[in-house]
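Colleague: I have a model open and would like to read it feature by feature. Can you take me through it?

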Amino acid sequence: MGNFVITIARQYGSGGHTIGEMLAEKLGVPFYDKEIIRMASDESGIAVDLFGKVEGGERVKSSLFGGSKTGLYKGELIPPDRKDFISDENIFNYQAKVVKDIADKTPAIIVGRCVNYIFKDRPDTLRVFVHAPWDFRVKRSEGKVAGSRDDIEKFLIKDDKRKMEYYRRFAGGDWMDATNYDLCLNSGKLGYEKCVDMIIAQMEIMKNK
């Protein structure tokens, strides 16, 4: 068996990032989230702010989000001598390379960036989606998102849309489709500790098969 990796996709305000950190601490394994952007920038030489713009949806054209079932990611890197070296596609490709390199070296918890899709055929992977009721997400976003409840709700709607478009663009599917994951957890109902325990229990079941 190779290094066991747990990927976590999550709705903003669901606590998925926190659950990932708690899980990493409990298992004694590395945790990766935004560090992947810096690592991919270092690996490629592409400016780190371009990675952030692709992830934030600033460079992605909405016209590219058709009903295609095939994402852009093909697992190949575009060489520096080609004009599309700093394309959105290649920026995603380098992030994918980084997470694959991580998985080759160590067990890990990896959050976001369509890693569940990148590792869809990797056997030693548990792909988790963390979601929560709307009011729970709004409440947990207070203090992190500036403004009134209305401002927070607008932010959550925008962030959900951004993640759906990002996933459709690079993975060619529906970010919230449960069939893209091995385990879906309602953190608002279960609580963070229970989510961590359930992920570990499922991980042990998969490792012992």
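Colleague: Start with one residue. Where is the place of Ser187?

Modeller: This is a predicted model. Ser187 sits in helix α8, which covers residues 187-190.

Colleague: Is Ser187 buried or exposed?

Modeller: Buried. Its relative accessible area is 1%, and the cut-off for buried is under 20%.

Colleague: Which residues is Ser187 in contact with, leaving aside neighbours within four places in sequence?

Modeller: Ser14, Ile19, Val130, His131, Ala132, Phe136, Tyr192 and Cys195.

Colleague: Before going on, how far can I trust the coordinates? What is the mean pLDDT of the protein?

Modeller: The general idea comes first. Where pLDDT is low, the predicted coordinates should not be read in detail. Here the mean is 89, and 91% of the residues reach 70 or more.

Colleague: Where does pLDDT stay under 50?

Modeller: Over residues 61-71. The model has 13 contacts beyond four places in sequence for that stretch.

Colleague: Now the sheet. What is the order of its strands?

Modeller: Strands of a sheet pair through backbone hydrogen bonds, either parallel or antiparallel. This sheet is open and has five strands, in the order β2-β3-β1-β4-β5, with parallel pairing. β2 (31-32) and β5 are the edge strands. Each has a single partner strand, so one side of each lacks a neighbour in the sheet.

Colleague: How many bridges join β1 and β3?

Modeller: Four, in the parallel sense. In that pairing, Thr7 has Ile110 of β3 as its bridge partner.

Colleague: And which residue of β5 stands opposite Val128?

Modeller: Leu183. β4 and β5 pair over four bridges, again in the parallel sense. Leu183 and Leu185 form the covered face of β5. Cys184 and Asn186 form its uncovered face.

Colleague: On to the nonpolar core. Which residues of the largest core touch the most other members?

Modeller: Ile110, Cys114 and Phe119, out of 34 residues in that core. Several elements give two or more residues to it: β1 (5-10), α2 (35-44), α3 (48-55), α4 (88-105), β3 (108-111), α5 (115-118) and α7 (149-171). The greatest share comes from α4, with eight residues.

Colleague: What does a second, separate core include?

Modeller: Val29, Phe31, Val128 and Ile199 are among its 21 residues.

Colleague: Return to Cys114. What is its phi?

Modeller: Most residues other than glycine have a negative phi, and most peptide bonds are trans. Cys114 is not a glycine, yet its phi is positive, at about 60°. Cys114 lies in the loop between β3 and α5. At 5% relative accessibility, Cys114 is buried. Beyond four places in sequence, Cys114 is in contact with Phe92, Tyr166, Tyr167, Phe170 and Ala171.

Colleague: What about the phi of Arg113?

Modeller: It is near 60°, a positive value in another non-glycine residue. Arg113 is in the loop between β3 and α5. Arg113 is buried, with a relative accessible area of 9%.

Colleague: Next, helices. Which residues of α9 are buried?

Modeller: An α-helix has 3.6 residues a turn, so residues three or four places apart point the same way. In α9 the buried residues are Cys195, Val196, Ile199, Ile200, Met203 and Met206. Down the axis of α9 they fall within an arc of 130°, so they line one face of the helix.

Colleague: What do the buried residues of α9 pack against?

Modeller: β1, α1 (16-27), β4 (125-131), β5 (183-186) and α8.

Colleague: How far does α9 reach from its first C-alpha to its last?

Modeller: 23 Å, for 16 residues (192-207). That is close to the 22 Å expected at 1.5 Å a residue.

Colleague: Let me try α6. Which of its residues are buried?

Modeller: Arg137, Val138 and Ser141, in a helix that covers residues 134-141. Their arc around the axis is only 100°, which puts them on the same side of α6. These buried residues pack against α7.

Colleague: Which exposed residues does the face turned away from the buried side of α6 carry?

Modeller: Asp135 and Lys139.

Key:
Residues are numbered from 1 along each chain as its sequence is written. This is a predicted model: local features need pLDDT of at least 70, side-chain atom pairs count only at pLDDT 80 or more; totals for chains, interfaces and linings use all residues. Side-chain values use heavy atoms; hydrogens and water are left out. Buried means under 20% relative accessible area, exposed over 50%, partly exposed in between (1.4 Å probe, protein chains only). Contact means heavy atoms within 4.5 Å. A nonpolar core is a set of buried Ala, Val, Leu, Ile, Met, Phe, Trp, Tyr and Cys residues joined through side-chain atoms within 4.5 Å. The expected span of a helix is 1.5 Å times one less than its number of residues. The arc is that of the directions from the helix axis to the C-beta atoms. pLDDT is the predictor's confidence in each residue, from 0 to 100. Two strands pair if DSSP finds at least two bridges between them.
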